[in-house]
Amino acid sequence: MLRAFRPERFLIKHYGFVMDNIYGDGVSHELLGNAASIKQLLESLAQSERELKNQVTLFSAFLDALPNPIFVKDNNAVFIACNAAYEKAFGIAREEFVGKTVMDLDYLPELSRHTFQKADLELLRERGETREEIELAFGDGCVRTVLYQRKTFELGDGQGGMLGLIVDISQRKRAEKLESFRSSILEMLAGGEELRPILMAIVQGVETLCPDMMCSILLADDEGQYLGNRVATSLPESYTRALGRVAIGHNSRPCGIAACTGQRVIVENIASHPNWAGACSVAIGAGLVSCWSQPIKAGSGDILGTFAIYHRRSAIPIDTEIELIEHTARLASIAIEKTRAEHTIRELAYYDALTALPNRRMLNEHLLETLAAGQNTGEYGALMLLDLDNFKPLNDQYGHMVGDQLLVEVARRLSRSVRHTDLVARLGGDEFVVVLDSLGGCAEAAELVTLEIAEAVRKSVVEPFRLVVDSDQGELEWVSHTCSASIGVTLFSGVQECKSEVLRQADQAMYQAKKSGRNSICLFESVE
């Protein structure tokens, strides 16, 4: 049954107004007062709506001001909000996914969508928070390492949802990996590892940090004319074999130019670079498209080599890659300089500065090793001690600089007169030593070989020497000088002899050779 609409009852029911009869005497004063209350209520509602809009605007501005991507989902895992950083990171406007679940986002792989959806629903059911490091594809196509954090929230009356925060930690992880790589190389250096394994580890380390890079290190020769001794792990062998050494110069390939100018060289496309004209087909055949080359410099600025990076696509280095290239070149520089310094120290410790022959220290170590080998194998060895005859008059007449010329030439002649396995050393002054090893187990045969080599040594020394001297007029001129060698020889098998005894025997035989008229050979067994 329908009832007639009574406005006074409607207002009393819904707004609590007490009204007089509006039909008989006109609008009462009380109705006018209630009308004012309605107006005030409407204004209050409008103000509340404005404040709510301001709060929503403030909340959105707050989210958009945050630098990291943020998203909000309701209890059904439906997106209800995100910030500008999220839109920028993933290249999608919020209008395109608000009101959807992750299952509706076609730009994500299907497996990823199922994984995220399952994890979201589980968290919303269990309530709480999660924090994990994951690999996530961004809108620019790059996969980055991110810290992925989610936490549920409550609004009361069964309302709530989940807040998600994504923090790109790629740079931090990259820095950690770079520091780990650097530390491993420094540990190798501190452990005394050889240069080539260290350079190999440097190349492999960079390729691990940047899998799309193929790297190599080339070392400059002593004359600074060529780069060679290539260290590479992933470059095609056909390419490295075909190129061989690289000339250092302005018209060379990138590594040669970088070594010549001391500046980084970037070739975005090998096929179009004029300096690759002669080797372009080799590079293209190996699938190489771009090449970057960084000079490896010593602390003094001298060029030690180059660090090269290849790609199978056109490429120009970005800032982080340039930083890595420069850092790697410095590591390689440290390794090369350390090795050279150790070599110099060894040269000073074990080699004669004038003749570059092994010195007394190396002689002693080598002789001990030869004696020990003789004990194990039963083979004979021999030691020759030779002293130059007629050397002092040369020094007295022309000075030590001319005498040094003769000593250097004697060192060359001795080295050419013996086998490549034999040791030639300088004791000091005009005394030299030759150590022969692996002469076999027969004493007679060992003696025969030893005397043959000793004779070759004697003949090499007795040949006249042509030396440069300053004339009285201050001009350079050639002079000829003849000297000879008195050679004492002793055989040993390492069974009974010690180092000092072997040297004593050779010394005794050498003085006997001098007494016999010089320019002669005396075997210890014949000394009486």
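Analyst: Helices and strands here are DSSP runs, numbered from the N terminus. In this model, which is predicted, the protein has 15 helices and 18 strands.

User: How much of the protein is buried?

Analyst: A residue is called buried when its relative accessible area is under 20%. Buried residues make up 42% of the 528 residues, while the protein exposes about 29,400 Å², of which carbon and sulfur atoms supply 52%.

User: How should I look for pockets?

Analyst: Rolling a probe the size of a water molecule over the atoms shows where empty space is left. In this protein the largest pocket holds about 850 Å³ of space, and of the 23 residues that line that pocket, Val143, Ser170, Arg174, Leu209 and Thr320 are the closest to its centre.

User: Which element gives the largest share of the lining of the largest pocket?

Analyst: That is α5, with five residues, although β4 (143-156), α6 (195-209) and α10 (319-350) also supply at least two residues each. By class, the lining of the largest pocket divides into nine nonpolar, five polar and nine charged residues.

User: What is the volume of the second largest pocket, and which residues line it?

Analyst: The second largest pocket has a volume of about 240 Å³, and its lining includes Leu195, Asp221, Asn229 and His343. The largest share of this lining, four residues, comes from α10, and β6 (214-220) supplies at least two. Its classes are four nonpolar, three polar and three charged residues.

Terms used. Residues numbered from 1 in each chain as written. Predicted model: local features only at pLDDT ≥ 70, side-chain atom pairs only at ≥ 80, totals over all residues. Heavy atoms only, no water. Buried < 20%, exposed > 50% of the residue type's maximum accessible area, 1.4 Å probe, protein only. Areas by Shrake-Rupley, 256 points an atom, 1.4 Å probe, with all protein chains shown as cover. 1 Å grid on protein atoms, 1.4 Å probe; cavity = no way out; pocket = protein on both sides within 12 Å on 5 of 7 lines; lining within 4 Å. Points joined across faces, edges and corners; volume = space filled by probe spheres on them. Nonpolar A, V, L, I, M, F, W, Y, C, P; charged D, E, K, R; others polar.
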